[in-house]
Amino acid sequence: MPHLVWLRRDLRVTDNPALSAACANTGDVITCVGLPDAQWQSHDLGAPARNLYQRRLTPLTADLCALNIPLLMLDGATFADQVNGLQALCKHHGITAVYVNREYEFNERARDRAVDQALAACSIQVHWFDDQCLVPPQTLKTGQGGPYSVFTPYRRRWEASLREEFNAPLSAPARRPALTLAPARLTAPDDPLAALWPVDNDSIQTRLERFVARPLDRYQTDRDLPALEGTSSLSPYLAIGAISARQVLHAVLQAAPHALDGASDANTFVSELAWRDFYKNLLVEAPRVSRARPFKVTTETLPWNPPGEAFERWCQGQTGVPLVDAAMRQLNTTGWMHNRCRMVVAMFLTKNLFIDWRHGERYFMQRLVDADLAANNGGWQWSASTGTDAAPYFRIMNPVSQSQRFDKNGDYIRRWVPELAAQDAKTIHAPFDAKAHPIGLKYPKPMVDLKRSRQQAIDTFKAHQQDSA
Ligand SMILES: Cc1cc2nc3c(=O)[nH]c(=O)nc-3n(C[C@H](O)[C@H](O)[C@H](O)COP(=O)(O)OP(=O)(O)OC[C@H]3O[C@@H](n4cnc5c(N)ncnc54)[C@H](O)[C@@H]3O)c2cc1C
């Protein structure tokens, strides 16, 4: 009787708990994967992330074939269809047990409850595993037994728990006896971002090794400088599970054995992995954030401006604020944006333009190659001051000072906003503020007065807070 592994956001053969558990049996093992396009579109998952996922299936099939494990396609454009598809697949192949790594988003969890019921009705056992996080959601609770809503104490407990127990990643399962079942024929999508974001194991592994070997020892400073490659750029691969967070932490600990023991460059990097777990934990502890609702319910009724043309200019990188425009153009061109710039553009949208964070969140999901509900929602709600452990509403990043501080020479701006290439390091951050007015400059004037709009946002938040007290 064959065992079935249903692959979702765990597109790898190494360090895959569900796959390893299925392979611990003597019977045949087959795998399946779905492309629930209609569902993904309803989640605003755009082409960059969908293409990455689909492209990854080609090397994954090859890895599985080398182990004599076929990968089949699971029917279903929606999650509801997938449940039926899974039942039919199990019936067709006489499956007695299914192995799955969990997903934590609201609709994904509802689908998985339906899977449990549907397969139990056919006497098929489902074995669930946690693989996405270093510490699975709901493992850590506050002293009062409640969920964490503040990052720093969560991170302390998270690090302590990893110091107590951190298992090395699992090896790929051993090659199995030959199977006659052929894998599904896959067609790779035509993806303009394919060269930027290769999906083969060697490229992903090289990215990790290069990062651990070099910028990791300067991470604390370099991670904030968008003109440098100071971060790992592993987020797209972590988002689809082409590499696990455990594999990343393991590599870091090999290079920096004290990375879990307090302040260091490596520890700062590790704390980014803690943020990742923190936001996934939140999806389970406060499921409303999966459903376009703010964590702080009092912010539900903030009087946001309608998106309109202002939103379009923000999307296109035509705001007249150089760092914001550089960042939005980087996103539109590469499917990725530097973390500091994500915070800057999100604050600009939600505070200076006072546009509802959900518009920005949706645009990011549509454009990011690393689109991930937990991290994206967490980042947007942090920036909009509506989330757990969010930036206080009165602490608003000024995109010009951020630019002067973190892109001092203007190299990042010059790369993405060629209209400003001739500006010197002093004027490039705010060309229209310069004494010598740049006549003939084909670049828009700032669409909003940064000082005034900042004060308006603070006043509105303050008044709203008093009203809802
Ligand atoms: C408004 C906003 C939206 C964001 N949307 C996403 C998203 O859709 N997908 C996504 O993966 N990250 C998102 N982030 C978090 C962060 O910007 C990216 O994870 C990071 O820039 C990816 O680059 P990297 O892999 O080089 O990161 P590194 O600095 O190398 O960090 C290593 C890994 O840690 C995780 N990580 C780092 N920072 C964060 C963070 N603040 N929150 C959660 N996880 C983090 C990522 O998995 C990342 O790959 C968002 C942040 C903001 C402010």
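Q41 sits in helix α2, residues 37–42. Helices here are DSSP runs of H or I with at least four residues, numbered from the N terminus. The model is predicted: local features need pLDDT of at least 70, side-chain atom pairs count only at pLDDT 80 or more, and totals for chains, interfaces and linings use all residues. Residues are numbered from 1 along each chain as its sequence is written, and side-chain values use heavy atoms, leaving out hydrogens and water.

Q41 is partly exposed, at 48% relative accessible area. Buried means under 20%, exposed over 50%, partly exposed in between (1.4 Å probe, protein chains only). The C-alpha atoms of Q41 and L368 lie 14 Å apart, although 327 residues separate them along the chain.

There are 24 aromatic pairs, counted for Phe, Tyr and Trp (its six-membered ring) with ring centres within 6.5 Å. F278 and Y279 have ring centres 5.6 Å apart and planes at 55°, so this pair is tilted. Planes under 30 degrees apart count as stacked, over 60 as edge-to-face and the rest as tilted. Both F278 and Y279 are buried.

Two arginines sit over phenylalanine rings. The criterion is NZ of Lys or CZ of Arg within 6 Å of the ring centre and within 35 degrees of the ring normal.

| Arginine | Ring | Distance to ring centre |
|---|---|---|
| R111 | F79 | 4.3 Å |
| R291 | F106 | 4.2 Å |

In α12, W314, C315 and Q316 contact V324, M328, R329 and N332 of α13 (heavy atoms within 4.5 Å).

Conventions
Helices (H or I, at least four residues) and strands (E, at least two) are DSSP runs, numbered from the N terminus.
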